[in-house]
Amino acid sequence: MRHATVTDLARNLGWLCEDNFRASSPATIEQLLEFHDRAYVKALQYADSTGRVAPDVRNRYQIGTLENPLFPGLFDRAAMTVGGSILAAELALDGHVTFHPSGGTHHGRPDRACGFCYFNDPVFAILRLLESGLQSVLYVDLDAHHGDGVEIAFFHDKRVTTVSVHEDYRWPYSGSKSHPDEGAYNLPVPKGINDSEFEYLVEHTIVPVAEARPIDAIVVCCGADCLAGDPLSTMMLSNGALWEAVDRLVAFDVPTVIVGGGGYNPWTLARYWTGLWGRITGQALPERLPNAAIEILRGLECDLVDDEDIDEAWFTSIADSPYPGPVRDSIKSLADNVVV
Ligand SMILES: [Zn+2]
């Protein structure tokens, strides 16, 4: 539903057409095995086809749990997300900036599911870029949660640098410090980070990390749970601050893949990702959305957001009002501690 809303809005605004839209195919088993263990892939396939998981399989592969539930079509959907990231990388190599909104399953591990991520599609985007012969890929994770699966996957691979901005003291509770020798940078931000603080981190850490090495390609995870109004974090970012950050990365003018990620407020997510698509395709964002787009947004429902917290602007506009504020010392010291 999240991705359909984004494509519906983008089409409604005239920003999506045959020329700039591609449907992906599911990754093949052979492709999945480039990162995932055969036994895990088989176990997931079996669980999906039977709708059941034996206790030992549940324990071993973490499937059929509250965190990683079974649901009809699970395997195909997870494989499709990986196929989308592989296609996105191929299109990026052809010279496009590619946005794959259903990507961003950044917690997936080679041998188990984790955090509602059954496979790890950003890993496949990076692998496809490396397979083409590129020597240096930058992965930037702007989701509210630590991009742990991607960091672990490439921790000892000198070709990949990872940077994750995520809320401190939040699941999965990793990513508390950087490992510059391994090219793994972490920015665990305090509660309530505002636009000014985020912009400070972009300019003083993410951009310098990117500029300190030759970068051949960039993969960005744009989870929407860092937006103000999302029920799963206290981050207070406007979509404009995130669009600016992505613009900053796109300006490096190398093959760039943007994937989605988390996001549990359907209105803020739809406006962020639709506007992101508008920005990278050079559209002028309207002050007020056309009525048909407003109807799409009004038609969404969400149990995680209380009615009294719903902002009328979430229906009628696409750009948030900015959330500026003082830059706290804790943010400055986070940036000071990053040695590029
Ligand atoms: Zn997240």
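**Pocket, cavity and zinc site**

Author: The element that contributes most to the lining of the second largest pocket is β4, with four residues. The model is predicted, so local features need pLDDT of at least 70 and side-chain atom pairs count only at pLDDT 80 or more, whereas totals for chains, interfaces and linings use all residues. Residues are numbered from 1 along each chain as its sequence is written, and side-chain values use heavy atoms, with hydrogens and water left out.

Reader: Which elements give two or more residues to the lining of the second largest pocket?

Author: A pocket is an open set of points on a 1 Å grid over the protein atoms alone, with protein on both sides within 12 Å along at least five of seven lines, and lining residues have an atom within 4 Å of a point. Here the lining has 15 residues, and S176, P188, S333, L334 and N337 lie nearest the centre. Helices (H or I, at least four residues) and strands (E, at least two) are DSSP runs, numbered from the N terminus. The elements asked for are β4 (184-189) and α13 (329-336).

Reader: Which residues line the largest cavity?

Author: A cavity is a set of grid points where a 1.4 Å probe fits but cannot get out. About 30 Å³ of space lies in the largest one. Two or more lining residues come from each of α8 (195-211) and α9 (239-250). The lining consists of V140, L142, V202, I206, V207, A245, R248 and L249.

Reader: Which protein residues are donors of the zinc ion?

Author: Donors are N, O and S atoms within 2.8 Å of the metal (3.2 Å for Na, K and Ca); water is not among the atoms, so sites may look incomplete. The protein donors lie 1.9 to 2.1 Å from the ion, and their spacing in sequence is D-x1-H-x79-D. They are D143 (OD), H145 (ND1) and D225 (OD).

Reader: How many residues apart in sequence are the parts that H145 and D225 tie together?

Author: H145 lies in the loop between β2 (137-141) and α7 (148-153), and D225 in the loop between β5 (217-221) and α9.

Reader: Is T65 buried or exposed?

Author: T65 is found in the loop between α4 (55-61) and α5 (74-93). Because its relative accessibility is 17%, T65 counts as buried.

Terms used. Buried means under 20% relative accessible area, exposed over 50%, partly exposed in between (1.4 Å probe, protein chains only). Grid points are joined across faces, edges and corners, and a volume is the space filled by probe spheres set on the points.
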